[in-house]
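I opened my notebook to record what I looked up. The structure goes in first.

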Amino acid sequence: HDSSNKRGLKAQLRKLIPCSGGRRASARTQNSVEDELELSAVRHRPEGLEQLEAQTRFTRKELQVLYRGFKNECPSGVVNEDTFKDIYSQFFPQGDASTYAHFLFNAFDTDHNGSVSFEDFVMGLSILLRGSVQEKLNWAFNLYDINKDGYITKEEMLDIMKAIYDMMGKCTYPILKEEAPRQHVEIFFQKMDKNKDGVVTIDEFIDCCQNDENIMRSMQLFENVI
Amino acid sequence: MAAGVAAWLPFARAAAIGWMPVANLPMPVAPTEKNKRQDELIVLNVSGRRFQTWRNTLDRYPDTLLGSSEKEFFYDEETKEYFFDRDPDVFRSILNFYRTGKLHYPRYECISSYDEELAFFGIIPEIIGDCCYEEYKDRKRENAERLMDDQEDNKDSKLPNMTFRETMWRAFENPHTSTMALVFYYVTGFFIAVSVITNVVETVPCGSSPNQKDVPCGERYTVAFFCMDTACVMIFTVEYLLRLFAAPSRYRFMRSVMSIIDVVAILPYYIGLVMTNNEDVSGAFVTLRVFRVFRIFKFSRHSQGLRILGYTLKSCASELGFLLFSLTMAIIIFATVMFYAEKGSTSSKFTSIPASFWYTIVTMTTLGYGDMVPKTIAGKIFGSICSLSGVLVIALPVPVIVSNFSRIYHQNQRADKRRAQKKARLARIRISKTGTSNAFLHSKRNGLLNEALDLTGSTEDERHHNKTTSLLESQHHHLLHCLEKTTTPSQHPPSFPLPQNHEFVDEHLYEQNCLEGALQNYTSRSPSLSSSGGLTGTCCSRRSRRKSAHLPNSAMSPGPPHGLQELSAVHIHRSDRPPLSTSRSSLNLMPDEAMRLNCKSGQITTAIISIPTPPGTTPEGDGHGPPSPSVQTTAGSSVVKVSAL
């Protein structure tokens, strides 16, 4: 915005002095006009209802309800990361949910274009709410694997764990100790890392989760959310 | 929670699947929707104009008329719509509030009719959005002032049981309340005028005796003027003393501007009385008489306009000061220049820079007395520059400055308003946040209490008022509960009693825990019963003073200071056992506790506990914490007491 102002000023000065490269100025103003058009609201219209119905496991009515809520909060049709963080933080008033929201955003933004459109949103929800256990675990693995290289390292897990603990905030009982996330990560790795090579692969993860009754049961917890 | 994001709650809950593989404990059960309705359109007929919206939209704010079951009173069976006999124009804004979450105030609406509509539909005006809030507040203030003015006009009737002193003060402040006051008002006004005129006439030279030159009247008729002066000062002194006596706050009265003027007006006379007619001090004495002119300011009690002028000057003081400062700069510059320009010429009147000040001021204000004029050419050039710039410096900016000041003044007020609004807004956000978390903690206690009461076989109606939270809230609380479980470390092997959960607590308990940690320097809490009982001996001492009446027999807990009483404690007495106190934090222990107690053939009779709905669920943002529930105990030795912070 500053640069376009400067360009405008130079153009005005040129106007004062007659016959001094007026053509160049017009080309520059052309660029600034295009820039401004880009900056105006990005609009996105989702694919048709039938296509979404085919791609996800939601019924038509459910998609309608979802879209209405989505569009209400994001009239432009896409969610960018800041809005996403805002929305998610409202559910956790006591803590700081922005780090976890960042990871969540990356998990939903499957094509990594910096914004979550309605299709991304609804695909993610379809997996989480109507998918098989395998698919859900796959999604969770994808969430933990921050750099999407197929392995969960201890550092990645520590980041995720710290983000989760951040959401609790500081007013908790018992008071959060500094090494609690780290300890939690250790426990996690003890459970999941079968060959003790310091990383958790997708197969180790899925195997281990399928053998854990608690995890299996909790995966079914949110079946009836919509 | 805002309206729009209520629609995103399903998403947040779905995303919670990301915590599941990390958690070590089983998750709590999700609340189920008892009667899941398909979303339907409802028709709101407001004085003939039909509005339609989804039912879910209205359900976003369950504590307003449209969001709660109160609208059922307006349901019309034949036409299957809700009929409201209210203003449809204002209703548009109200319905938009449900849709967008932001309440706007339309500028063309009358403020009192808008307020009435908001009150009817149960919406508090504090949630008006920032875009319209200032306008709303301004109009409301104007309206309040108008009402106050009206009220003041009606305040003629004398209130009963007013003391003599209060009557007198009222008489002084509002002269038209009684005839006596009016008489007094006019008499003092008359004497002020007389005093001022006397001062003026004193100096007029009146008729000369043939052998002397003109003498001022004051010296000719000394006695007469002295008597007049004395009479006026008597009146003023009496008035001042009466006001001092009648004032409700003497100290404040003595500090007020009017009383200072009064004192300054009468002081010279008394000082003149005590001072002898000594030559040395007579000069100072004469100077003091100047202060008698201050009596004219006493008129400001009689004139509203003077008071407003004084107030305006006071409020524009900073702007006037700036004007004065820039003028001073210009004067100094030009005086210096003129002095050095005229230094060369002979018999120049510009003897020093301060002497040139007079020339500069007279020239810049375009007065031009002509008593000091430059003689050198350079002096004339600079003199003309001075007079030209004088026009610019003084004449031109004055209207600009005046309008600027008015704009800056209003802007300043708006900045203050915005700052106050921001504080209020942050406070509201904070309150709603604490409200949400308090609601969560409260419902958790209710939930666990429910389990306890379940195990003791309570009756239905003792549990029904715990189910007042809406489905949305219970889902949100379930989400927070899952988060708590996720971040709880598990113990190997799982010991009994159950491990402590990682829980949300409110700020007071958190601070108390911090304090306790610092005091006792302990590192881990063993989840045994006795020490956990001791843990919650530390509750906020502030609250304990207020609520000590509720807990006459709180158990003494070891370790933490005994001065603090247990506040949030659940006591379960049994007739054949000493009182057993359980801490709030170890309410998780309660099911097992209760089970164990049950096994040991104890009788636990339950009390009727009424827990009102926590205020955090309403967007009112009262700022008070959850109220302390009233506790009624059944007769007998068994007592269940529940108190909440």
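My entries follow, from the ground rules to a single residue.

**Ground rules.** I am working with a predicted model, where local features need pLDDT of at least 70, side-chain atom pairs count only at pLDDT 80 or more, and totals for chains, interfaces and linings use all residues. Residues are numbered from 1 along each chain as its sequence is written, chains are lettered from A and ligands numbered from 1 in the order in which they are written, and side-chain values use heavy atoms, with hydrogens and water left out.

**Chain B.** I looked up 24 helices and ten strands. These are DSSP runs numbered from the N terminus: helices are H or I, at least four residues, and strands are E, at least two. Chain B has 645 residues, and 40% of them count as buried. Buried means under 20% relative accessible area, exposed over 50%, partly exposed in between (1.4 Å probe, protein chains only).

**Contacts in chain B.** I took contacts between residues at least 6 apart in sequence; 64% of these join residues at least 24 apart. A contact means heavy atoms within 4.5 Å.

**B:F164.** I found this residue in helix α7, residues 164-173 of chain B. Is B:F164 buried or exposed? B:F164 is exposed, because its relative accessible area is 60%. I also checked B:A246, which is 82 residues from B:F164 along the chain. Their C-alpha atoms are separated by 8.5 Å.
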